Amino acid sequence: MKPTLDSFVHKGKRRILVDYLREKVGITDFAVLSAINHVPRHLFLESIFEDYAYEDRAFPIAAKQTISHPSTVAEQTMLLEVSAGEKVLEIGTGSGYQTAVLVAMDALVYTVERQKDLFDFSQKKLKEMGLRPKFQSFGDGFAGLPTFAPFDRIIVTCGAEILPMELLKQLKTGGKMVIPMGPTDEQILYRFTKISPTELEKEEFGAYKFVPMLGNTSK
Ligand code: SAH
């Protein structure tokens with residue numbers, strides 16, 4: 001069964017979620033809150049989860065993957081400090097929800113997913129919603145997208161065991177990368193700023209649980 005289209009009930013629930021993100025989670029970036037208010041998250045979920053789509057919960061999506069909590073999406077996006085017109089590389093398209101939030105902020109999004117089912121699903125959804133990234137790739141995010149590099153911002157939505165050096169190479173000087181890193185199920189969220197071609201600033205933002213960043217693709 002397909003979830004129902006965006007109604008005033010969904011819009012009302014989104015508004016309550018945005019209030020929660022601002023007041024309880026501490027999301028202060030107006031552009032992030034406004035994008036979350038705009039994107040119908042329930043349309044990225046299976047219809048059985050529709051009633052809970054605007055609660056701060058993660059849900060299973062295809063290929064045993066997970067759509068992140070709205071608070072995690074909001075935190076990661078706020079840490080990215082992205083401005084309209086900037087080039088953003090996203091690793092782990094998943095459902096496409098985070099992609100849609102970045103597109104709604106007028107970022108030029110290039111996104112990579114290694115699971116074919118999710119690549120197909122997200123491509124269809126984003127097109128239907130009119131929230132299309134610049135480029136969507138079915139591939140291994142460890143390699144980034146060298147053809148389109150360099151990027152102003154890089155966001156990784158899966159947990160990496162070590163810092164993927166190829167991604168760092170594809171980041172502009174002055175650019176920022178937000179990435180959860182650590183062993184499976186217990187990552188720390190980091191922000192790296194490329195101060196010069198050889199210097200990195202590293203900031204830490206607490207513990208999270210992301211699905212693992214895996215190599216190669218899976219059909
Ligand atoms: N941002 C997504 C979160 C999806 S979970 C959303 O809003 O729904 C993380 C995603 O990263 C999964 O879909 C997983 O398949 C993908 N992933 C894991 N390793 C990857 C890699 N090396 N390259 C690209 N995608 C990867």
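**A note on your predicted model**

1. Let's start towards the end of the chain: asparagine 216 is found in the segment after β9 (199–208). Asparagine 216 has a phi near 60 degrees, which is a positive value in a residue other than glycine. With a relative accessible area of 56%, asparagine 216 is exposed. Here exposed means over 50% relative accessible area, buried means under 20%, and partly exposed lies in between (1.4 Å probe, protein chains only).

2. A word on the ground rules. This is a predicted model, in which local features need pLDDT of at least 70 and side-chain atom pairs count only at pLDDT 80 or more, while totals for chains, interfaces and linings use all residues. Residues are numbered from 1 along each chain as its sequence is written, and side-chain values use heavy atoms, with hydrogens and water left out.

3. Which residues touch the most other members of the largest nonpolar core? They are Ile36, Tyr97 and Val101, in a core of 40 residues. A nonpolar core is a set of buried Ala, Val, Leu, Ile, Met, Phe, Trp, Tyr and Cys residues joined through side-chain atoms within 4.5 Å. The elements giving two or more residues to this core are α1 (8–25), α2 (30–38), β1 (59–61), α3 (70–80), α4 (97–104) and α5 (116–129). There is also a second, separate core of 20 residues, which includes Leu163, Met177, Tyr190 and Met213. As background, nonpolar side chains tend to be buried together in soluble globular proteins.

4. Helix α4 deserves a look. Seven of its eight residues are buried, so α4 is largely enclosed by the rest of the structure. The buried ones are Tyr97, Gln98, Thr99, Ala100, Val101, Leu102 and Val103. Leaving aside neighbours within four places in sequence, valine 101 is in contact (heavy atoms within 4.5 Å) with Ala35, Ile36, Val39, Val73 and Thr77. After α4 comes aspartate 106, with a positive phi near 65 degrees.

5. Now find the ligand. It is surrounded by 26 residues, the closest being Ser95, Glu113, Asp140, Gly141 and Leu214; a residue is near a molecule if one of its heavy atoms lies within 4 Å of it. A polar backbone atom of leucine 214 is 2.5 Å from a nitrogen atom of the ligand. For glycine 92, a polar backbone atom is 3.3 Å from a ligand nitrogen. Arginine 114 has a backbone N or O atom 3.4 Å from a nitrogen atom of the ligand. How much of the ligand does the protein bury? Taken alone the ligand exposes 580 Å², and the protein buries 99% of that.

6. Next, the aromatic rings. A search of the whole structure finds eight aromatic pairs. Rings of Phe, Tyr and Trp (its six-membered ring) pair if their centres lie within 6.5 Å; planes under 30 degrees apart count as stacked, over 60 as edge-to-face and the rest as tilted. Tyrosine 110 and phenylalanine 151 have ring centres 5.6 Å apart and planes at 65 degrees, so this pair is edge-to-face. The pair links distant parts of the chain, 41 residues apart, with tyrosine 110 in strand β4 (residues 108–113) and phenylalanine 151 in strand β6 (residues 151–156). Tyrosine 110 and phenylalanine 151 are both buried. A tilted pair is formed by tyrosine 208 and phenylalanine 210, at 6.1 Å centre to centre and 45 degrees between the planes.

7. Is glutamine 187 buried or exposed? At 0% relative accessibility, glutamine 187 counts as buried. A polar atom of the glutamine 187 side chain lies 2.8 Å from the backbone nitrogen of phenylalanine 210. Beyond four places in sequence, the contacts of glutamine 187 include Gly159, Pro180 and Tyr208.

8. Finally, two backbone details. Alanine 149 and proline 150 are joined by a cis peptide bond, with omega about 5 degrees. Proline 150 lies in the loop between β5 (135–138) and β6. Glutamate 81 has a positive phi near 45 degrees and lies in the loop between α3 and β3 (87–91). For comparison, most residues other than glycine have a negative phi, and most peptide bonds are trans.

Conventions:
Helix = DSSP H or I, 4+ residues; strand = E, 2+ residues; numbered from the N terminus. Polar contact = N/O pair within 3.5 Å; in protein donor to acceptor, adjacent residues only side chain to side chain. Areas by Shrake-Rupley, 256 points an atom, 1.4 Å probe, with all protein chains shown as cover.
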